[in-house]
Amino acid sequence: MVEATLRLIAQKEELSLQRFDPLYLVKQLAIEGVISKSQYQLLMNSLLLRNSIAHGFKTTQITQNSVYQLIELTEQLLRTLHTADEAD
């Protein structure tokens with residue numbers, strides 16, 4: 001859901017992306033000023049955790065609060081996207 005939201009935002013911002021992998025996408029959105037530094041950091045931390053879990057590495061860094069923060073950020077980005085659609 002997070003990656004799909006980021007792709008939608010990149011599309012809405014008409015960013016010319018060379019790739020669509022999550023790491024590249026997060027970095028480009030930050031470089032273009034589409035997401036804030038704190039949003040970038042949360043997404044990068046989440047991406048590192050995701051990769052650890054997906055590749056079978058043990059991690060103790062995931063907390064209920066970090067999951068809630070990621071959900072909240074995704075909802076915030078979706079609201080921004082929806083608001084921008086209404087303005088167009």
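Contact here means heavy atoms within 4.5 Å. Helices (H or I, at least four residues) are DSSP runs, numbered from the N terminus. What you see is a predicted model, in which local features need pLDDT of at least 70 and side-chain atom pairs count only at pLDDT 80 or more, while totals for chains, interfaces and linings use all residues. Residues are numbered from 1 along each chain as its sequence is written, and side-chain values use heavy atoms, with hydrogens and water left out.

Let's start with how helices pack. Two packed helices are described by the angle between their axes and the distance between the axes. Axes are lines fitted to C-alpha atoms over the stretch in contact, with angles from 0 to 180 degrees between N-to-C directions. Here are the two pairs:

| Helix pair | Axes come within | Crossing angle |
|---|---|---|
| Helix 1 (residues 2-12) and helix 2 (residues 22-31) | 10 Å | roughly 45 degrees |
| Helix 2 and helix 3 | 10 Å | roughly 170 degrees |

Angles over 145 degrees count as roughly antiparallel, under 35 as roughly parallel, 65 to 115 as roughly perpendicular and the rest as oblique. Helix 1 and helix 2 are therefore oblique to each other, whereas helix 2 and helix 3 are roughly antiparallel.

On the helix 1 side, Glu3, Leu6, Arg7, Ile9 and Ala10 make the contact with Pro22, Leu25, Val26 and Leu29 of helix 2. For helix 2 and helix 3, Pro22, Leu23, Val26, Lys27 and Ala30 meet Tyr40, Leu43, Met44 and Leu47.

Now for the loop. Leucine 15 sits between helix 1 and helix 2. Leaving aside residues up to four places away in sequence, leucine 15 touches Ala10, Leu29, Glu32 and Val34. From leucine 15 to glutamine 39 is 24 residues in sequence and 18 Å in space, C-alpha to C-alpha.

Key: Helices (H or I, at least four residues) and strands (E, at least two) are DSSP runs, numbered from the N terminus.
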